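I have set it out as numbered points, to be read beside the coordinates.

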Amino acid sequence: MVKDFERLAPPRRGEWRSLFHEKEQTFDDYVARCANRRSDARSLLVLQPLGSPELGRMADYAEAFFGLTVRVLPARPLFDPAHVPTRDQYNSSMVLDELAALVPSDALALLGIADRDLFARGKPYVFGEGSLERRVGVCSLARLSTSDRPLAERRALKLMTHEIGHILSIAHCVTHRCVMQGSNTLVESDGHPLYLCPADLRKLEWNTGVDRDARYRRLEAFYGRAGWTVDAAWAARQLKKRSVLGRPGEG
Ligand SMILES: [Zn+2]
Ligand SMILES: [Zn+2]
């Protein structure tokens with residue numbers, strides 16, 4: 001039987017963890033170093049389309065996943081100075097610098113979503129980059145497209161939630177199958193789940209105060225509307241476990 005939350009086996013060659021030896025970020029590490037926590041003054045999740053990416057249901061999903069109000073800003077073009085004509089890509093660190101100046105004062109996080117390809121120093125391309133300190137991140141849908149539309153959408157949703165997780169100071173997950181696992185390639189990230197492992201969910205709950213049951217109910221409804229029955233059943237199972245076990249502080 002496949003467990004709902006699986007611990008990671010040692011990485012295979014070429015996988016993210018085989019190349020980058022990141023330390024586990026425990027809950028205590030997170031609480032001690034979290035640079036960006038929700039407050040009454042900073043509670044919005046802001047999405048900034050860069051170019052004309054197909055956002056589909058991304059804003060709805062972000063609202064369900066994080067339990068925060070989402071504001072989608074009017075689209076704007078990607079920033080010219082970040083464009084490198086010889087490789088026809090945009091420098092993600094420069095895009096981040098430009099986006100940092102656009103973060104509204106009431107935003108907990110701003111994520112730029114680009115329709116063009118990004119790269120970072122020393123890397124031929126990046127899917128995204130999120131700052132653990134500056135309330136800002138950027139990701140690109142350019143490499144996610146495929147004729148399998150549900151797969152393309154899953155990829156976009158994973159990428160978005162992963163990068164927003166970083167903006168909320170959550171580091172890469174090295175312990176469990178989790179949407180916060182680092183990935184080098186699409187094949188690797190396609191193998192990652194949509195959900196947060198229990199350790200990272202606890203960080204999100206501490207940060208935003210999101211109610212776990214309400215969150216799983218919203219996710220179940222979202223997956224149901226998308227026709228993703230396996231994911232909807234997964235969310236429903238988490239709710240059921242909770243009602244069997246009781247909620248913390250009860251009984
Ligand atoms: Zn990452
Ligand atoms: Zn995790």
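1. Overall fold. This is a predicted model, and its secondary structure comes to nine helices and nine strands. The C-alpha trace spans about 60 × 45 × 40 Å along its principal axes. Because a compact globule with 251 residues would have a radius of gyration near 18 Å, the value of 18 Å for the protein agrees with that expectation. Of the 251 residues, 50% count as buried, and among contacts between residues at least 6 apart in sequence, 70% join residues at least 24 apart.

2. Zinc site. The zinc ion (ligand 1) is coordinated through the NE2 atoms of H162, H166 and H172, at 2.0 to 2.1 Å, and along the chain these donors follow the spacing H-x3-H-x5-H. H162 and H166 are four residues apart in helix α5 (residues 149–167), and therefore about one helical turn separates them. In an α-helix there are 3.6 residues a turn, so residues three or four places apart point the same way. H162 counts as buried because its relative accessibility is 9%, under the 20% cut-off, and H166, at 8% relative accessibility, counts as buried too.

3. Largest pocket. About 670 Å³ of space lies in the largest pocket, which is lined by 29 residues, and of these W16, F127, G128, E163 and S183 are the closest to its centre. Which elements each supply at least two residues of the lining? They are β7 (123–126), β8 (128–130), α5 and α6 (186–190), with the largest share, six residues, coming from α5, the helix that also holds H162 and H166.

4. The structure holds one cavity of 30 Å³ or more, and the space in the largest cavity comes to about 30 Å³. The lining of this cavity is made up of F65, Y195, L196, R215, Y216, L219, Y223 and W234, to which α8 gives the most, with four residues. Seven of the lining residues are nonpolar, none is polar and one is charged.

5. Helix α3. In α3 (residues 58–66), the buried residues are M58, Y61, A62, A64, F65 and F66, and F65 is also one of the residues that line the largest cavity. Against what do the buried residues of α3 pack? Their partners are the strands β1 (44–50), β2 and β5 (107–114), together with the helices α5, α7 (198–208) and α8 (212–226). After α3 comes G67, whose phi is positive, near 70°.

6. A loop residue. A75 is found in the loop between β2 (70–72) and β3 (83–84). Is A75 buried or exposed? A75 counts as exposed because its relative accessibility is 52%, over the 50% cut-off. Leaving aside residues up to four places away in sequence, A75 touches Q48, P49 and G51. A75 and A109 are 34 residues apart along the chain, and 17 Å separates their C-alpha atoms.

Definitions and conventions
Residues are numbered from 1 along each chain as its sequence is written. Chains are lettered from A and ligands numbered from 1 in the order in which they are written. This is a predicted model: local features need pLDDT of at least 70, side-chain atom pairs count only at pLDDT 80 or more; totals for chains, interfaces and linings use all residues. Side-chain values use heavy atoms; hydrogens and water are left out. Donors are N, O and S atoms within 2.8 Å of the metal (3.2 Å for Na, K and Ca); water is not among the atoms, so sites may look incomplete. Buried means under 20% relative accessible area, exposed over 50%, partly exposed in between (1.4 Å probe, protein chains only). On a 1 Å grid over the protein atoms alone, a cavity is a set of points where a 1.4 Å probe fits but cannot get out, and a pocket is an open set with protein on both sides within 12 Å along at least five of seven lines; lining residues have an atom within 4 Å of a point. Grid points are joined across faces, edges and corners, and a volume is the space filled by probe spheres set on the points. The radius of gyration is taken over C-alpha atoms; the globule rule is 2.2 Å times the number of residues to the power 0.38. Contact means heavy atoms within 4.5 Å. Ala, Val, Leu, Ile, Met, Phe, Trp, Tyr, Cys and Pro count as nonpolar, Asp, Glu, Lys and Arg as charged, and the others, Gly among them, as polar.
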